[in-house]
Amino acid sequence: MNANALPRDPRSLPPDVRLLKRGERFLEPDVYVLHVDGRPAVVKDYGRYRRTPLSLLARLLVRREARVLALLRGWRHAPALLGTIGGLALGIEFIAGETLGEAALEAGSHVFQQLRGAVASLHANGITHNDLHPANVLVAGSTPVLIDFASAMRTPRWLRWFPLARELRRSDLANVAKMRQRLTGEAPTPREAELLAPPRWVDAIRLGWKRIYRRLKA
């Protein structure tokens with residue numbers, strides 16, 4: 001992809017560009033669909049941060065997500081990377097499908113079996129998604145496709161069994177189980193619940209943060 005494919009002002013899109021999401025929160029990109037070489041492509045555009053101190057962080061997010069998608073090239077559970085544009089935008093394959101939340105009635109247990117297997121495969125390659133929720137899983141046909149790898153991390157092999165890396169993997173799998181229960185009513189088995197329960201040190205950190213947060217609000 002090249003910079004000429006982008007709208008000049010992503011805050012005021014031309015009629016032939018379909019806005020998917022307007023970036024309103026901190027370091028949140030505008031996300032829209034445009035046609036490149038006759039095919040739809042999704043663009044995550046951080047251009048509103050150009051010429052601001054936050055442009056460095058935005059460029060880092062683009063670079064990190066592009067690196068992860070490049071590692072996953074050819075994997076059917078992630079969109080293909082089309083390229084980066086000017087350092088502040090990312091071009092991604094358009095996936096024709098519904099979000100997991102929208103497809104809840106049709107998303108049977110076989111979809112969640114695939115999703116759990118996909119996440120386990122991701123972990124086997126040292127990658128954690130770190131932001132799994134229904135809006136970040138598309139169902140194309142009956143295949144779950146993970147999107148939005150902005151928070152993803154790749155852990156070196158020698159670090160993969162450190163407590164933090166294990167916690168990130170556990171959190172991904174716990175989120176899959178929570179989505180399955182919320183959308184299909186299928187609760188985790190006792191064995192799953194035991195394996196996916198947060199360790200004590202995570203609970204201690206959460207409790208400490210809640211106490212600090214309450215004091216800050218008081």
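Leaving aside neighbours within four places in sequence, glutamate 28 is in contact with Lys21, Arg22, Gly23, Arg48 and Tyr49. The model shown here is predicted. Glutamate 28 sits in the loop between E1 and strand E2 (30-36).

**Glutamate 28**

- Is glutamate 28 buried or exposed? Its relative accessibility is 9%. Buried means under 20%, so glutamate 28 counts as buried.
- The side chain of glutamate 28 reaches back to the backbone of glutamate 24. The atom it meets there is the backbone nitrogen, at 2.9 Å.

**The sheet of 5 strands**

- What is the strand order in the open sheet of 5 strands? The order is E1-E2-E3-E5-E4. The pairing is antiparallel.
- Strand E1 (18-21) and strand E4 (81-85) stand at the edges. Each has a single partner strand, so one side of each is left without a neighbour in the sheet.
- From one strand to the next, the twist averages 25 degrees.

**Pairings inside that sheet**

- E2 and E3 are antiparallel partners, paired over 7 bridges. Look for valine 33: its bridge partner in E3 is valine 42.
- E2 and E3 also form a hairpin, with 2 residues between them. Aspartate 37 lies in the turn and has a positive phi of about 55 degrees.
- How many bridges join E3 to E5? There are 5 bridges, and the two strands run antiparallel. Here valine 43 stands opposite glycine 91 in E5.
- E4 pairs with strand E5 (residues 89-93) over 4 bridges, again in the antiparallel sense. Glycine 83 has glycine 91 in E5 as its bridge partner.

- E3 is mostly covered. Of its 7 residues, 5 are buried.

**The sheet of 3 strands**

- Another open sheet has 3 strands, in the order E6-E8-E9. Its pairing is antiparallel.
- Which strands lie at the edges? They are strand E6 (98-99) and strand E9 (143-146), and each pairs on one side only.
- E6 and strand E8 (residues 137-140) pair over 2 bridges in the antiparallel sense. Threonine 99 stands opposite leucine 138 in E8.
- H2 packs on this sheet and touches E8 and E9. The direction of H2 makes about 40 degrees with that of E9.

**Helix H2 against helix H3**

- Helix H2 (residues 109-124) packs with helix H3 (residues 163-184) at an angle of about 170 degrees. Their axes are 10 Å apart.
- Why is H2 called roughly antiparallel to H3? Angles over 145 degrees count as roughly antiparallel, and the packing angle makes H2 roughly antiparallel to H3.
- On the H2 side, the contact uses Phe112, Leu115, Arg116, Val119 and His123.
- On the H3 side, these meet Arg169, Asp172, Leu173, Val176, Met179, Arg180, Leu183 and Thr184.
- The residues of this contact divide into 7 nonpolar, 2 polar and 4 charged.

How values were computed. Residues numbered from 1 in each chain as written. Predicted model: local features only at pLDDT ≥ 70, side-chain atom pairs only at ≥ 80, totals over all residues. Heavy atoms only, no water. Axes fitted to C-alpha atoms, helices over the stretch in contact; angles between N-to-C directions. Parallel < 35°, antiparallel > 145°, perpendicular 65-115°, else oblique. Contact = heavy atoms within 4.5 Å. Nonpolar A, V, L, I, M, F, W, Y, C, P; charged D, E, K, R; others polar. Pairing = 2+ DSSP bridges. Buried < 20%, exposed > 50% of the residue type's maximum accessible area, 1.4 Å probe, protein only. Polar contact = N/O pair within 3.5 Å; in protein donor to acceptor, adjacent residues only side chain to side chain.
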